[in-house]
Amino acid sequence: MHEPAFPAPVPSMRLTARQSMAAVSDSYVELPTPEAPGSGRPDGPLGWRGYDASRSRARDRTGEEESVVTALATVGGTEVVLISFEFGYLGGSLGERTGDRLVAAYTEARERRLPLVSLIATGGSRMQEGMRALTQLQRVAGQSARHHAAGLAHLAVLRDPTTGGGWATLGAAADVLLALPGAQIGFAGSRVRPADADPAAYCAEGQLAAGQIDAVVPPDQLRGTLQRWLRLLAGAGGPGAVPEAAPPPAALGTGNLPETGWRAVVRARDARRPRAEAYLRAYFDDWEEIHGDRCGGTDSGIRCGLGHRDGRTIAFAAQCGTATLPAGFRTAARLVRLADRLGIPVLTLIDTPGAANDAAAERAGAGAAIADAFAALASARVPVTSLLIGEGGSGGALALAAPDRLWATPDSYFSVIAPELAAAILKRDPQEVHHTADQLRIRPQDLLALGIIRDIVPPAGATPA
């Protein structure tokens, strides 16, 4: 058993594989090395002249037999299978024997039903093994799919660099992606990018801005961040698990119901009304957030992640009162599907004037993104609890509302369309907006009478009916 000396080394971008493992784990026991088939021809499958000598020098320089080290480890008391790349061994490249080790690690994780943590630093596939090296990406992708199907979590830490097939399989396929500051991240390595390529697109911070990774974590905070994520994921029930539904939060605003439809709209639009941040703080003991849709987009108007409440893990997707972008719907759908696969109940907080409908939103696939969110909730096997905490603007709000499990606060409304727009479509005088709001029956008490919501939640301290 390897136990890191204390204080643990800080996981910088150029630590060795074993230093990186020691930096994030309490202790680890290296997994057995898979037996390799016959030695084969000299200089590898292609007979690449000098390949054997290169490997020998890499062994002498690093003390490793291959570019990855795999182990059973504990991180903050949670047992995991740990994969760590040794960049000093031929640039952390993936060859056949690398693939053997990765397959064995995934298999160990499935058999023990453990989460996988990968500490990646690789330049891509090993050229000296040609297509025999490249096909290891298919093996890794297959193992990743089996790991996901088994309802097991995968967290990846992107060190410097994380490029090529290692990024496109072991990295980007992970459930949660954490990166070290300044790390090179991208499918194209530094020597094969277009000469005029924007370097910002290939770094951790650029990938965060593009919604491709969940967080950039300073080295001295990485261990604690991994521990928190693993504690959140440790209680996941796995595939087919049907956990107890998340209780709806108590109302944080007024307990009085609005007298008119327009009054409901005014109260929901009041800037002083409690928003998602207040509800998350009141509901959860602690939480961690995912970021971005993994398709190049982010939406600061929606917050998604996993939190602890009374010792339970609950996933959340919370609208923050702004028009929801396509990236926001895709991020929420990603969160719901992750929770469903891991057997974690979901809470959605609904608060939006509607889906963004400008030209940029249409170009970003607004319709498809909304459809994806509807589909994620409709197909979820875990219970989804939804609370309307403010504006419920048309399909952009309904896309995050659980069918048959929707509650509302007294200072909220839900409408097929905004009263002003309804009046305009019906060619009514603008002065008839208030009357239109009443006709739409959008108040919480109207929604209850119509059977749209289960109940109106009372203020904090009371128990919902």
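The following questions and answers go through a predicted model of one chain.

Student: What is the mean pLDDT of the chain?
Tutor: The model is predicted, and pLDDT gives the predictor's confidence in each residue. In this chain, 94% of the residues reach 70 or more. The mean pLDDT of the chain is 92.

Student: What radius of gyration does the chain have, and what would a compact globule have?
Tutor: The C-alpha trace spans about 85 × 45 × 35 Å along its principal axes. The chain has 465 residues, so a compact globule would have a radius of gyration near 23 Å. The value for the chain agrees with that, at 25 Å.

Student: How many helices and strands does the chain have, and what share of its residues is buried?
Tutor: The chain has 17 helices and 16 strands. A residue counts as buried when its relative accessible area is under 20%. Of the 465 residues in the chain, the buried share is 53%.

Student: Among contacts between residues at least 6 apart in sequence, what share joins residues at least 24 apart?
Tutor: A contact here means heavy atoms within 4.5 Å. Of the contacts in the chain between residues at least 6 apart, those joining residues at least 24 apart make up 73%.

Student: Which elements give two or more residues to the lining of the largest pocket?
Tutor: The largest pocket has a volume of about 730 Å³. Of its 23 lining residues, G123, G124, S125, M127 and T163 are the closest to the centre. The lining divides into eight nonpolar, 13 polar and two charged residues. The elements that give two or more residues to this lining are β5 and α6 (164-171).

Student: Which residues line the largest cavity?
Tutor: The structure holds two cavities of 30 Å³ or more, and the largest has a volume of about 40 Å³. By class, its lining has four nonpolar, two polar and two charged residues. The residues that line the largest cavity are E30, L31, P32, T33, P34, V69, T70 and R101.

Student: Where is the cis peptide bond that involves P161?
Tutor: Most peptide bonds are trans. P161 lies in strand β5, residues 154-163. Omega is near -5° for the cis bond, which runs from D160 to P161.

Student: Is L90 buried or partly exposed?
Tutor: Phi of L90 is near 50°, a positive value in a residue other than glycine. L90 sits in the loop between β3 (78-85) and α3 (96-112). Its relative accessible area is 22%, so L90 is partly exposed.

Student: Where is R441, and is it buried or partly exposed?
Tutor: R441 is not a glycine, although its phi is positive at about 55°. R441 is in the loop between α16 (433-440) and α17 (444-449). Because its relative accessible area is 37%, R441 is partly exposed.

Student: What distance separates the C-alpha atoms of V266 and P444?
Tutor: V266 lies in helix α9, residues 261-269. At 35% relative accessibility, V266 counts as partly exposed. V266 and P444 are 178 residues apart along the chain, and their C-alpha atoms are separated by 13 Å.

Terms used:
Residues are numbered from 1 along each chain as its sequence is written. This is a predicted model: local features need pLDDT of at least 70, side-chain atom pairs count only at pLDDT 80 or more; totals for chains, interfaces and linings use all residues. Side-chain values use heavy atoms; hydrogens and water are left out. On a 1 Å grid over the protein atoms alone, a cavity is a set of points where a 1.4 Å probe fits but cannot get out, and a pocket is an open set with protein on both sides within 12 Å along at least five of seven lines; lining residues have an atom within 4 Å of a point. Grid points are joined across faces, edges and corners, and a volume is the space filled by probe spheres set on the points. Ala, Val, Leu, Ile, Met, Phe, Trp, Tyr, Cys and Pro count as nonpolar, Asp, Glu, Lys and Arg as charged, and the others, Gly among them, as polar. pLDDT is the predictor's confidence in each residue, from 0 to 100. Helices (H or I, at least four residues) and strands (E, at least two) are DSSP runs, numbered from the N terminus. Buried means under 20% relative accessible area, exposed over 50%, partly exposed in between (1.4 Å probe, protein chains only). The radius of gyration is taken over C-alpha atoms; the globule rule is 2.2 Å times the number of residues to the power 0.38.
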